[in-house]
Amino acid sequence: MKNSIRYAVLAAFAAQPLAVNAFTPDDYMAWFNANQSAQPQFVDGDVITYDKADLIRPFTPAEYQDIQIFEGMEVKIKDAGDLTPGEAYQKATEQFAGTATIAADGALENYTAGRPFDPATFKPGKEDGQKMAWNWNFRWQLAGLSVGEVHWVWVRKGGEHSGHEVMSESGGKYKPFYQGGGSFERVLTGPYRRVMFSHRSDLPESNYKVNNGEGFAKGTEFREYTGFTSPFDIAGTAFLILRYDDPRKSDDSWAYIPSLRRVRRISVEVKSDSLLGTDHTLEDFYCFNGRPLEHEWEYVGTARTLAVARSRNANAVYYGPNGWAMLDDWALRTVDVVKQIPKRTSHPYSLKFLHIDRVTGECYHANAFDKAGQLWKIWQLSKLWSEDPQVQEQVTEWKAKPTPPGTRFSLFQSINVIDIQNNRGTLVPTRGIAAPATDLDEVKKILDVNFLTEGR
């Protein structure tokens with residue numbers, strides 16, 4: 001009886017409508033605090049429809065509920081199973097446990113490979129917030145990611161998109177992915193590649209580094225390429241980021257702008273600006289893709305949230321009144337919540353909360369607040385599990401590179417951001433995604449600054 005009463009109170013709190021212009025970090029923390037004692041009233045296999053939506057409110061971040069919950073909703077509860085990272089990462093975590101340290105300026109030191117710190121020991125506060133930031137930075141990523149085709153779909157609230165050209169493109173092959181409402185304003189397309197060079201748990205024989213840390217890999221944590229092939233007015237635009245292994249050294253970043261026919265260096269400010277008019281920034285990739293030392297971090301605690309941790313679909317499927325929701329399996333996951341506070345006063349966000357899976361280290365939800373402390377953006381990410389046949393479908397249907405069996409890696413299937421102040425979302429599904437082995441000769445051709453202008 002007591003549990004029933006407690007659940008009813010929690011559901012009543014969570015069911016309060018989201019007042020966009022009044023939702024603050026305190027409102028988020030009210031949901032977080034209520035989540036601590038919430039008990040799930042659903043089981044594996046349940047399909048939650050609108051009349052039962054109160055069952056999932058305590059486990060759906062308050063700011064995301066207006067997207068997830070609507071008449072016609074269908075949230076299938078499906079346990080994600082064992083998502084422990086690859087054996088190499090687990091072995092490195094055990095081997096180097098207790099060796100990593102945090103310097104006075106927040107930099108990670110004495111780190112080799114694996115998960116730097118044990119989150120089971122974390123307590124709320126800035127000290128463990130810094131540790132959580134480095135755990136995020138060095139989550140299991142194997143060699144990185146390769147994506148043949150990324151869609152960046154601008155979806156305005158209201159209206160419909162059946163007449164947009166993408167719905168009939170290539171014989172209508174994209175039509176099943178974009179269900180529901182919402183009007184499409186623009187669709188960008190292009191490839192993506194990220195390669196990890198150091199702290200590689202899978203490379204103990206070469207000092208946990210690609211090519212033993214020599215040549216092209218010297219002093220490098222990762223290189224990342226984001227390109228655009230359409231529409232015509234931005235075709236050929238590309239961005240390249242070089243993250244150094246020295247945590248105190250700023251990134252080298254470049255952009256190729258076809259209209260200028262030249263490569264230009266980009267500043268740290270550009271990486272937190274809107275990316276080609278989308279609602280994303282380069283720093284928002286994965287939930288956070290910036291340098292940890294450019295932000296302060298505060299560990300908040302753990303929560304249990306529903307997430308697309310192991311998609312049943314080979315490709316992201318959107319539905320709902322505005323086409324922003326995910327039609328998929330939702331698993332109840334334990335997440336570590338960390339608060340990101342930019343140090344730079346010119347940064348557009350005042351703070352951001354990230355939800356990071358305790359087991360995989362991947363992010364499922366995030367939110368950002370503007371300088372006035374009002375909710376601005378909401379992120380939701382869906383994941384593919386490397387061992388599932390859906391990843392093999394990427395190879396056959398989208399000509400992806402093979403992902404080695406036994407990788408045990410969460411590949412991001414989509415990263416979707418909703419700008420609630422602008423009533424628009426940018427959906428970013430990935431197709432032809434893989435976590436391929438590193439071919440250094442190939443990588444040199446793609447991730448070198450000289451490549452940005454080749455063939456343009």
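This is a predicted model: local features need pLDDT of at least 70, side-chain atom pairs count only at pLDDT 80 or more; totals for chains, interfaces and linings use all residues.
Biologist: Which parts of the chain do aspartate 82 and arginine 408 link?

Modeller: In this salt bridge the closest N and O atoms of aspartate 82 and arginine 408 are 3.4 Å apart. Aspartate 82 lies in the loop between strand S2 (75-77) and helix H4 (87-95), and arginine 408 in the loop between helix H6 (389-398) and strand S18 (410-419), 326 residues apart. Helices (H or I, at least four residues) and strands (E, at least two) are DSSP runs, numbered from the N terminus.

Biologist: Is lysine 352 buried or exposed?

Modeller: Buried means under 20% relative accessible area, exposed over 50%, and partly exposed in between (1.4 Å probe, protein chains only). Lysine 352 is buried because its relative accessibility is 1%. Its salt-bridge partner, aspartate 284, lies 3.0 Å away, N to O, and is buried at 0%. By contrast, aspartate 82 is partly exposed at 47%.

Biologist: How many aromatic pairs does the structure hold?

Modeller: Rings of Phe, Tyr and Trp (its six-membered ring) pair if their centres lie within 6.5 Å; planes under 30 degrees apart count as stacked, over 60 as edge-to-face and the rest as tilted. The structure holds 25 such pairs. One of them, phenylalanine 70 with tyrosine 319, is edge-to-face, at 5.1 Å centre to centre and 65° between the planes. Phenylalanine 70 lies in the loop between helix H3 (65-68) and S2, and tyrosine 319 in strand S12 (residues 318-319), so the pair ties together parts 249 residues apart in sequence.

Biologist: Which residue has its charged end over the ring of tryptophan 136?

Modeller: A charge sits over a ring if NZ of Lys or CZ of Arg is within 6 Å of the ring centre and within 35 degrees of the ring normal. Here the residue is arginine 139, with its charged end 3.7 Å from the ring centre.

How values were computed
Residues are numbered from 1 along each chain as its sequence is written. Side-chain values use heavy atoms; hydrogens and water are left out. A salt bridge is a side-chain nitrogen of Lys or Arg within 4 Å of a carboxyl oxygen of Asp or Glu.
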